[in-house]
Amino acid sequence: MSRQFRSVWFWFSALALGILAVFLLYPLLRVLTGSLGSGSHSGWALLAADPKYFAAILNTIVLGVAVTLTTTLIGVPLAYFTARFEFPGKSIVAVLPLITLVIPEVIAAQTWLMMLGNNGFITRYLGARGIDIPSFYGWPGLITVMTFTYYTYIYIGTLAAIRGFDVQLEEAAQSLGTSPARSRLRVMLPVVLPSVLASALLVFTLVVGNFATATILGSRVPLLSVLTYQAAVAEGGSDPVMQSTLATVSIALVMIVLFVQRWIVSRGRHEVTQGRGARAERLRGLPGLFIGLLAGLLVVVSLLPLGSIVIGAFTVSRGPVMRWGEWTTAHVERLVRIAPDPVLNTLAYSAVATVIGITFSALVSYLIVKKRNILTPALDYLTALPLALSGTIIGLGLVMSFNTGFLPLTGTASIIVLAYVVRRLPFGIRNSSSTLYNIPNSIEEASVSLGVPPVATFFKVVLPLMLPAVAAAAVLTWTTTVAELSASIIVYSGGRETMPIQIYKLIDSNLMASASAYGLVLVAVILIPIIVATRVFKIDLFSSKA
Amino acid sequence: MGIAIENLAVAYGGQRVIDGLELTIEPGSFFTLLGPSGCGKTTLLRTIAGFVPAERGHLRFGGTEVTHLPPHKRDIGMVFQDYALFPDKTVFDNVAYGLRARKQAEGVIKSKVQAALERVGLGHLGQRHPAALSGGQRQRVALARALVIQPQVLLMDEPLSNLDAKLRLQVRETIVELQREAKITTVFVTHDREEALAMSDRIGVMNQGRLEQVGTAAQIYREPRTSYVADFVGGANLVEVETMARQAGETGPVVLDGTAIAARAPAALAAGRATLVARPEDILLAEPGTAGTLPGRIAHRQYLGGKTSYKVVLDSGRVLAVDLQSGAHDRFEPGAKVGLGFDPARTLVLAS
C-alpha cells in the first residue's frame, strides 16, 4: 500500500510530463525540424544564399552586445552606489524594479517614438528652434529603448550580489594591509562578477528574443526576431521553412549564451558565503548631489513613457498628425464606446492563463521539490525550457503544431492562453519552488504522522504556506501576460486582438493617439493589481524574483 | 503497545542501510536508539514511522502487522528535531490538528488541547503563533501535539539537539515525566550518550545499520559487549592486549606491554589478541613501582573542577586517559612517573 500511495505522485508527474510534451516539446521539435524543409527547399541553403539573413544574424549579435554593454554601464554603478552609499533621493531608486513590470515594451517603444520619432514632440520642439536631431529609427532608437528597458535586470542582479557580499572579507583584506579602494577591487569585484555576468547574459538573450522594440523601431535594421515574424505572417503567404530556420538560429544563439551563463554561475558557486552586509556610507556635498542627480535623472527618464502615454492619450490628433498642446478625451471615449474588445479579450485571456499557469506551476514545483521520482528531473528541465525560447518562437511552434492535425486550436482563444501559460511557466515554477525549498519536509511528515493522508496534507499544510508566494506569482503572471505581444501576435486570429496587439497595429498605422489610449488602459490594468497586492495585501512581489 | 521488528531490511538512496535487524521494544517503555550520525538510527525510526519503506521483514505494533501500512494510518505521534510546527497556525490549532483529523467534536478538542498545553506548561500561549515562541516552548508544543492524540507509539527524532544546554535539560525532564505518566511506548533517537543514559529504560547502540548492543543504561555502560559500544558510550581507553582463552564472566590476567593485568571477560574469548577496555575514571594512579601497576609518565594534566584529567604515556608510547576526583589525589605533576592500577571488576577484555 505504501508503494501505491507514492505512485499517486508518480502519476501526477507522468500527467504533467505528458502535458509538457504535447504543448512545449512537440511545438519546439516542429520548429527545429521545420528548418530542414523538404528536398531542395532547405532553410539552411536559403539562409546561406541570401546575405540579408547573414546581416540579420550579425545585427542581432551586435545589438545584443551593444545593449548588454550600455545596460551594464548603467546598472552596475547604480547598484553599487545604491548598496553602499546614502545619497539624496536614494529612496526613489527603489521604484526601479517596478518599471520593467509596469511599462510594457510595446508602450516603451511607442512613447519613445512619440518623443523622438519623426513626428515626436521633442523632435518638433527642437526642429522649430532649428535643431535637427538624427532619425530615431534604426540603431539609435533600438539601443536607447532597449537600454532603458533592460538595465534594471543588471541593476537588480548586481544589487542582490553586492548586498549578499560579506563585508568582513573586505575588512579582512584591509586588516592585511590593502587600501579600502584596492581591497574593494581585489575582494568584492571577483565575488560579485559572476552575478553581473549572469545578468548581462540574461539581457543579451532578452535582446535576441525582443520583438516589440525591434519591429517598431528597427525597420532599417534587419533583425532575427523581426525576420522570423515576417516569415511567419508575411502577406502573400508565409514561409514555414524560413521561419523555422531563423527561429532555430536564434534558439542556438540563446542556448550558447545560456550555457555560458550556467558555466559562469556554477563557477561562482563558492561565493555564496552569507555574511554581514555593509553599512551604507553617507555621501555628502557635491559627490552626493552628483550621484543623487544622476540616479534621479535615470529614474525620470525611465518613467518618461508613463508620462508620455498620458499625454498621448489626451492629445488631439488628425490621422497620424498629433497636435501637441491641444487636449481631448475623444480617444479614450472611442475606446470605451466603440472598441473595448481588445481590453475585454486581454482581461479574459490573462485571467484564465493566470489561473491555469499558477495551478500548474504550484503542482509541478511541488513534484519537483518534494516528491522526486524518476520523472521529475525531466519535469525540471522541460519547465525551464521556455527561458531559452523567445515569444516569437513559442508562438511559431504552437501555430505549426495546432493549426490542423490532432488538436486544431488556431482561431480559438485557447491558443493565446496556451502561449501565455507556456511563456510564463519557468517563472511560475521558480517562484513556487523557492518557497517550497523553504518548507521543511518535517512539516508534512508531522501532518501525516498526526493521521492526515499525503494528498490532504498538501492542501491543509503545504498550500497555505505557499499562498503568499502563489499570490505574488499570480500578480506577476497577470502583469506580464496582459503585456505579452511577441507570442500572441503570431497565434491570434481576427477579432481576438489583445491590447498589446491592438497597440502594435495602431502604431503600425501611425495612429499614436489611439495607441496611447489603449496603452493607458493597459498600464492601469497592470498597475492596479500591483498596488492592491503590495498596499492592501502586503505581498512582497520581488521576494523570489531575480 | 510493544513494537516488534523482525529481519528488517531498509534501502535508502539505493544503498541497503539496514539489513536483518531484530528488535523488541516492551509496551510502555522508553527505548533509545543511540549512535553517531550516519549509523542508521534515524532511518530506523523513520521506517517505524512509515516514511521509509521496509524492503523486507516485519514490523508489528502490539501484534498487528504495520509493515505496509502508510504512516498516516499507523497511529503514531512524532516529534522532530526542527519542531515541524505549522507556522501559519496558532499553538492551539497546531495541537488540535491531529484531533481534527480524527474528526473529534470541537468541544472535546478544546478541552483536550487545553489540558495538553497546560501539561507542558504552555496553557496561556494557545493563541500565539510558533514564531513568537522560544525553541524550548516550540518543542513543548510539538510534544503536546504528538501526545494529545494518544498515539500507540511515540517517535522522537533528536528532539533536544536544537536546544541550548539549559533548555535541553528542562525539556528532557518534561519528556520523561510525560512518557512515564502516559505509558506510551516511545522510541527516542539521539547521538548524545548522556541523554540516552539519563532518559531510557533500554538503549540500543547502533553502528553501521546494526544494533551493536541492546540493554539498560547500566548494562551498556558497565557491560559493553563490543569495543565500539565501550568507546561510544563511555569514551573508554581501548588497548590491544594478549589473552588466553576465557569463558564468559571469567576474570584473569591479560598481557599489556609485557605486564599482566587482571580483567574480566563478559563474553567467551579465544586465545590471542583482544581489546582491553578501561574507562578513565576506573584507572587509579599510584606511586611508581607499586606492585601490580603499569609504569607510566604524566604527559598532560587538565583541571576540570570536579575532576582532573590526565594523559599518561606508557613506556611503549601508548597514551591512556585517566580521570581522578579532584582533591586529595590530584597531586601528580606533568613529567612525574606514576604507576597505573586497574580494578579487575571494572576492567574488561573483549574480542577485537
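Which residue of β9(B) stands opposite Phe31(B)? Arg202(B) in β9(B) stands opposite Phe31(B). This briefing describes a predicted model, in which local features need pLDDT of at least 70, side-chain atom pairs count only at pLDDT 80 or more, and totals for chains, interfaces and linings use all residues. Residues are numbered from 1 along each chain as its sequence is written, chains are lettered from A and ligands numbered from 1 in the order in which they are written, and side-chain values use heavy atoms, with hydrogens and water left out.

**Chain B overall**

- Chain B has 8 helices and 20 strands; helices (H or I, at least four residues) and strands (E, at least two) are DSSP runs, numbered from the N terminus.
- Along the principal axes, the C-alpha atoms of chain B fill a box of roughly 80 × 45 × 35 Å.
- Chain B has 352 residues, and 50% of them count as buried. Buried means under 20% relative accessible area, exposed over 50%, and partly exposed in between (1.4 Å probe, protein chains only).
- Among the contacts in chain B with a separation of 6 or more, 65% are between residues 24 or more positions apart. A contact means heavy atoms within 4.5 Å.
- Chain B carries 40 positive and 37 negative charges, whose mean positions are 4 Å apart. Lys and Arg count as positive and Asp and Glu as negative, while His and the chain ends are not counted; each charge is placed at NZ of Lys, CZ of Arg, CG of Asp or CD of Glu.

**The four-strand sheet of chain B**

- An open sheet of 4 strands has the order β2-β1-β4-β5 (chain B), with antiparallel pairing. At its edges are β2 (15-25) and β5 (64-65) of chain B, each pairing on one side only. Two strands pair if DSSP finds at least two bridges between them.
- Helix α1 (residues 41-49) of chain B packs on this sheet and touches β1, β2 and β4 of chain B; its direction makes about 115° with that of β1(B). Axes are lines fitted to C-alpha atoms, for helices over the stretch in contact, and angles run from 0 to 180 degrees between N-to-C directions.
- Strand β1 (residues 3-12) of chain B runs antiparallel to strand β4 (residues 56-61) of chain B, with 5 bridges joining them. Ile5(B) stands opposite Leu59(B) in β4(B).
- β1(B) is also joined to β2(B), by 7 bridges and in the antiparallel sense. Ile3(B) has Ile25(B) of β2(B) as its bridge partner.
- The hairpin of β1(B) and β2(B) has 2 residues between the strands, and Gly13(B) there takes a positive phi near 60°.

**The six-strand sheet of chain B**

- A mixed open sheet of 6 strands has the order β6-β7-β8-β3-β9-β10 (chain B). β6 (76-79) and β10 (210-215) of chain B stand at the edges with a single partner strand each, so one side of each has no neighbour in the sheet. From one strand to the next, the twist averages 20°.
- β6(B) runs parallel to strand β7 (residues 153-157) of chain B, with 4 bridges joining them. Met78(B) stands opposite Leu155(B) in β7(B).
- In β3(B), 5 of the 5 residues are buried, so this strand is largely enclosed by the rest of the structure. Phe30(B), Thr32(B) and Leu34(B) are on one side, and Phe31(B) and Leu33(B) on the other.
- In a regular strand the side chains alternate between the two faces of the sheet.
- β3(B) pairs in the parallel sense with β8(B) over 5 bridges, and with strand β9 (residues 202-207) of chain B over 4 bridges. In β8(B), Val187(B) stands opposite Phe31(B).
- Helix α5 (residues 165-182) of chain B lies across β3 (30-34), β7 and β8 (185-190) of chain B, at about 135° to β3(B).

- Most residues other than glycine have a negative phi.
- Lys183(B), not a glycine, has a positive phi of about 55°. Lys183(B) is in the loop between α5 and β8 of chain B and is exposed, with a relative accessible area of 55%.
- Asp257(B) also has a positive phi, near 50°. Asp257(B) is in the loop between β12 (250-256) and β13 (259-265) of chain B and is partly exposed, at 36% relative accessibility.

**A helix of chain A**

- Helix α12 (residues 224-233) of chain A has 8 of its 10 residues buried, so it is largely enclosed by the rest of the structure. The buried residues include Leu224(A), Val226(A), Leu227(A) and Tyr229(A).
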